[in-house]
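Morning, everyone. Please bring the model up on your screens and keep the sequence beside it. I'll go from the overall fold to a few backbone details.

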Amino acid sequence: MIKHLLSAADLDVATATEIHDTAVEMATVSGREVKKLPTLRGRTVVNLFYEDSTRTRTSFEVAAKRLSADVINFSAKGSSVEKGESLKDTAWTLQAMGADAVVIRHPASGAPHRLTGWVDGSVLNAGDGTHEHPTQALLDTFTMRQRLGRIAGLNVAIVGDVLHSRVARSNTLLLHTLGAKVTLVGPPTLVPGNFGALTPDVAISYDLDAVLPDADVVMMLRVQQERMGAAFFPSAREYSRRYGLDAARMRRMADHAIVMHPGPMNRGVEITSEAADSPRSTIVEQVTNGVSVRMACLYLMLGGRA
Amino acid sequence: MGYPNKIILSDVDVHRVVDRIAHQILEKTDGAADVVLLGVATRGVPLARRLAERIHAFEGRTLPVGTLDITLYRDDLRHRSPRALGHTEIPPGGLDGRRVILVDDVLFSGRTVRAALDALNDLGRPAVVQLAVLVDRGHRQLPIRADYVGKNIPTSLSETVKVLLAEIDGCDEVRLMGAGASPAGRADDTAKEASA
C-alpha cells in the first residue's frame with residue numbers, strides 16, 4: 001500500500017480496488033449499533049485545514065474516530081498561521097507531537113507534496129488548490145461501482161467549472177485508470193482545450209445536451225458563487241440554461257444513468273432541486289461513502305507496520 | 001521432535017470429527033436451542049456451515065450461520081502489513097441473548113479468539129459464547145480454552161498445523177508440518193494463529 005495519498009495518479013487499479021473492497025467492509029461498521037473499531041487505537045491523525053471545509057474535515061474526523069484514532073483538528077483560522085507561522089514550522093510542530101497521519105487541505109497546489117518532506121507520518125491530500133482531491137475521486141468511483149456494478153466501460157460526463165475543480169482533475173485521472181471514459185463538459189472558458197492532455201482519451205464537449213444520452217454518470221460540479229458574473233460566463237441564469245441539470249435534461253439521460261455532485265450544491269444554478277433530490281441522485285450516498293472510503297484509506301495506510 | 005508433513009487427520013477423519021462436534025453441541029446445548037454458529041474467517045466459515053449441515057441432518061434443526069472477520073481487532077496489526085479484510089455477516093435476529101458458538105480451524109495462542117470476543121462485544125450481547133475448534137495444538141498465550149475440540153495435537157512451537165478444507169483447498173486434511181516446512185495453503189490462518 002502507498003504511504004501517502006497525494007494524487008489520484010498515484011493509484012493503480014489494484015490499489016484503488018483494494019481501497020474500494022475495504023470500504024465495502026468498513027460500510028458495515030457504519031450500519032452497526034457500536035460504530036467503533038479498535039484498529040487505530042493509539043495512533044494520532046491531524047486534520048490540518050488551511051481552507052474551510054465542513055464536509056471533508058468532518059468526514060475524515062468521523063472516519064478516524066470510528067477506527068479509534070486520536071484526532072486533532074487544526075484550523076488555520078485563529079491559529080499560529082494567522083500570526084505568520086509557515087507550513088514548514090507547523091509541520092515540525094506536528095512532527096514533534098508524533099502525528100501518524102496528516103490530512104491536509106491547502107489553497108496552494110502542491111502543499112501536501114511539500115509536507116511529505118517534513119513529517120514522517122502519512123500525508124493525505126484533502127484538496128490542494130485547483131490541483132487534486134483524491135479521496136473524493138475514490139468515493140465517487142466507489143459510489144459508481146455500488147450503483148452501476150462496475151467502473152470499466154462507463155461513460156462519465158463531468159460538467160461545469162472544470163478549470164477550478166480539483167474534483168474533476170482527480171476523477172478524470174482515476175476514472176481513466178479504472179477504465180471509464182470521461183467527457184469534460186462546460187463553457188470553453190471553464191473547460192480549456194488543454195485539459196485534453198490530462199489523460200490520453202479524455203473528451204471535451206461544450207454541449208451538455210449532446211453528451212447526456214450516452215452518459216452513464218453525470219457528475220455536476222459546483223459553480224463557485226464568487227465567479228458569478230465574472231469573465232468566465234455572462235450570468236448565472238445563462239450558465240444555468242446551458243449547463244444546469246434540470247428535469248427536462250434528466251429525461252434525455254438513459255434510464256440507468258445516475259447524477260452525482262461532490263457538494264456543496266448551488267440549487268438552481270448547476271442543478272435543480274428536482275434533479276438533486278431524484279432517485280437517480282447519489283449525493284447523499286456520496287457523503288455516506290466518503291466516511292467508509294476514508295476509513296479504508298486510513299486503515300490501509302496506518303493499520304500496518306509503522 | 002517433529003513429524004515432518006505427517007497427516008494427522010484424513011478426509012474420513014475430518015468428517016468423523018465434525019460429526020462428533022455436532023453431536024457434542026446438540027448434547028451440551030439441549031438440542032442446539034437458540035444456537036448461532038459464527039465461523040471465524042477463513043477456514044472457520046466452512047467448518048461452521050458443515051456443523052450446521054450435520055446438526056440439521058441429525059436433528060432437523062436449521063441453525064443460523066454467520067461469519068466473523070477479526071482482522072480489525074487483531075493486536076498485532078502494527079507489526080505487519082495491512083491485510084485485506086474478510087466479510088463479517090451476522091445472521092438475521094442478531095446475537096443478543098443467543099448462544100453463540102465461535103468456530104475456527106486451529107486453536108493456538110488464543111489471540112484470534114480474544115480478538116473474536118472483542119468483535120462480539122461490538123456486535124451484540126450473546127447470552128453465552130462457546131468455542132469449537134477442529135484442532136487444538138496448545139501453546140496458549142491467553143487464558144482461553146475450547147468447549148468443543150475435534151483433536152488435540154501436541155506440537156512444538158517450530159511445527160505448523162496445516163488444515164485443508166475441500167471448500168477452499170479442494171480436499172479435507174490436517175497435516176503437521178515439521179520445522180522449516182512451508183505452511184503453504186493456509187498461510188493466512190497460520191500467521192493468524194502464530195501471531196504473538
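In chain A, 73% of the contacts with a separation of 6 or more come from residues 24 or more positions apart. Contact here means heavy atoms within 4.5 Å.

Quick ground rules. This is a predicted model: local features need pLDDT of at least 70, side-chain atom pairs count only at pLDDT 80 or more, and totals for chains, interfaces and linings use all residues. Residues are numbered from 1 along each chain as its sequence is written, chains are lettered from A and ligands numbered from 1 in written order, and side-chain values use heavy atoms, without hydrogens or water.

Back to chain A. It has 306 residues, and its radius of gyration, taken over C-alpha atoms, is 19 Å. That agrees with a compact globule, because one with 306 residues would come out near 19 Å. The globule rule is 2.2 Å times the number of residues to the power 0.38. The C-alpha trace spans about 55 × 45 × 35 Å along its principal axes. Of the 306 residues, 57% count as buried, that is, under 20% relative accessible area; exposed is over 50%, partly exposed in between, with a 1.4 Å probe and protein chains only.

Chain A holds eleven helices and nine strands. Those are DSSP runs, numbered from the N terminus: helices are H or I with at least four residues, strands are E with at least two.

Now chain B. Strand S2, residues 35-40, pairs with strand S3, residues 65-68, in the parallel sense over four bridges. Pairing requires at least two DSSP bridges. B:Leu38 has B:Gly66 in S3 as its bridge partner.

Next, the backbone exceptions. Most residues other than glycine have a negative phi, and most peptide bonds are trans.

Where are the cis bonds? One joins A:Gly263 and A:Pro264, omega about -10°. A:Pro264 sits in the loop between S9 and H10 of chain A. Another runs from B:Ala41 to B:Thr42, omega near 15°. B:Thr42 is in the loop between S2 and H2 of chain B.

Positive phi next. A:Ser68 has about 70° and is buried, at 16% relative accessible area. B:His139 has about 65° and is partly exposed, at 31%.
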